[in-house]
Amino acid sequence: MRVSSIVAGLALASSAVASPTFGWGKKHRDSLYKSMKKSGRSFIGTALTLRDEPREDEIVDANFNAFTPENSMKWESTEPSQNNFTFDDADRYAAYAKKNHLQVHCHTLVWHSQLPAWVSEGGFDNKTLIGVMENHIKKVMTRYASVCTRWDVLNEALNENGTYRDTVWLRTIGEAYIPIAFRLAKKYNRGHAKLYYNDYNLEYNEEKTAGAARIVKLIKSYGGCIDGVGYQAHLASESTPTAPGPAPDQATLEAALHATADLGVDVAYTEIDVRMNTPPSAEQLQVQSDTYNRIAKSCLAVRKCVGMTVWGISDKYSWIPGVFEGEGAALLWNEDYEKKPAYYGFLKGIKAKKWGWWWW
Ligand SMILES: *[C@@H]1O[C@H](CO)[C@@H](O)[C@H](O)[C@H]1NC(C)=O
Ligand SMILES: *[C@@H]1O[C@H](CO)[C@@H](O)[C@H](O)[C@H]1NC(C)=O
Ligand SMILES: *[C@@H]1O[C@H](CO)[C@@H](O)[C@H](O)[C@H]1NC(C)=O
């Protein structure tokens, strides 16, 4: 149907000088979008998986000006076998972004997970693996130059204690793989995508946050360019079998954002969800609402925090129950697409800082 003609247009556009879409222009009802726009930041987004759920389109239209493709741009989706690129799925998201005037937080180029075995177990030597990385970055970034507002160049490179995670990249190339990835991303950035490092637990684990700061400095020490650090913010509103709770207080969140923002990069919350033990009680939903509230406030209290993305729309499709049994209810809309207390807490947190630093 029409997707193919949009995609044909996209292919033509990518040969011209490209620039990503900035989606603050549209009219929306009272919504996350409208409040975030007033705050002067650049985006409010959601992870997106296109599916046959018309409510999701309405919610995206009313509340968000950005999305992160949940899976379609990961390595296993775009280059499942060597130099054999499969863009059909990712193209659908690019077309959706253009049609709806949405920013895209493109995700992700260099990561150890959802990485096909031909890379992780390919036995490549240093030079060859750098070549594999270069070819991937070149082909994927070039194709989506006209849609990507931000790129997660590197994802989850740290252990919890702040050391580098043991991956095929680190084992083969050494820590130089990090500045090399960012150098290549800059080289093939034909649009204006901001280049990000993205990781989880940076919101409260000081050793890991210090590791992220070290990565920013490392890239800069190689003369490279990094524009931002993404704090995933997969948090829990209470103690669960898989997460410490409650989620950090606002001062902790702000200090964590400052740990990298003060090095001169943008910061953003990139994958927010706040899980709990299920089924939730009214009290638990209120604690979750308070948690979303302070996450929003912490972003808006930090000048360099440019936006926030929640990791999905409805609890019906969250990744959490499938991975952490007995946990979930982590998002802003319930399984029937009704707004939860968390939605109102998040909205209030965004509105609370409407005037921002401007008074000072
Ligand atoms: C490329 O990948 C697709 C999807 O995995 C597969 O169907 C196709 O056979 C591959 N082509 C080549 C030339 O390897
Ligand atoms: C840090 O954590 C990793 C992964 O758990 C572990 O292998 C390593 O030994 C730890 N390093 C230090 C210095 O504690
Ligand atoms: C791999 O090659 C890169 C680029 O020449 C270099 O910076 C890095 O130190 C090398 N790694 C190893 C383990 O030799």
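**Exercise 1. Describe the surroundings of ligand 2 in this predicted model, beginning with its polar contact to N161.**

*Solution.* Step 1: a polar side-chain atom of N161 is placed 2.4 Å from an oxygen atom of ligand 2; a polar contact is a pair of N or O atoms within 3.5 Å, and within protein one must be able to donate a hydrogen and the other to accept it, while residues adjacent in sequence count only if both atoms are side-chain atoms. Step 2: the residues around ligand 2 are N159, N161 and T163, where a residue is near a molecule or strand if one of its heavy atoms lies within 4 Å of it. Step 3: on its own, ligand 2 exposes 360 Å², of which the protein buries 25% (accessible areas by the Shrake-Rupley method with a 1.4 Å probe; for residues, only the protein chains shown count as cover).

The model is predicted, so local features need pLDDT of at least 70 and side-chain atom pairs count only at pLDDT 80 or more, whereas totals for chains, interfaces and linings use all residues. Residues are numbered from 1 along each chain as its sequence is written, chains are lettered from A and ligands numbered from 1 in the order in which they are written, and side-chain values use heavy atoms, with hydrogens and water left out.

**Exercise 2. State which residues surround ligand 1 and what fraction of its area the protein buries.**

*Solution.* Step 1: P80, S81 and N84 surround ligand 1. Step 2: the side chain of N84 has an N or O atom 2.3 Å from an oxygen atom of ligand 1. Step 3: of the 360 Å² that ligand 1 exposes when taken alone, 28% is buried by the protein.

**Exercise 3. Characterise the shell around ligand 3 by residue, contact and class.**

*Solution.* Step 1: the surrounding residues are N126, I130, T172, I173, A176 and I180. Step 2: an N or O atom in the side chain of N126 is 2.5 Å from an oxygen atom of ligand 3, and a backbone N or O atom of I173 is 2.8 Å from a nitrogen atom of the ligand. Step 3: the protein covers 40% of the 360 Å² of accessible area that ligand 3 has on its own. Step 4: α7 (126–143) and α8 (168–173) are the elements giving two or more residues to this shell; helices (H or I, at least four residues) and strands (E, at least two) are DSSP runs numbered from the N terminus. Step 5: the shell has 4 nonpolar, 2 polar and no charged residues (Ala, Val, Leu, Ile, Met, Phe, Trp, Tyr, Cys and Pro count as nonpolar, Asp, Glu, Lys and Arg as charged, and the others, Gly among them, as polar).

**Exercise 4. Locate the cis peptide bond from G245 to P246.**

*Solution.* Step 1: omega is near -5° for this cis bond. Step 2: P246 is in the loop between β7 (234–236) and α11 (250–261).
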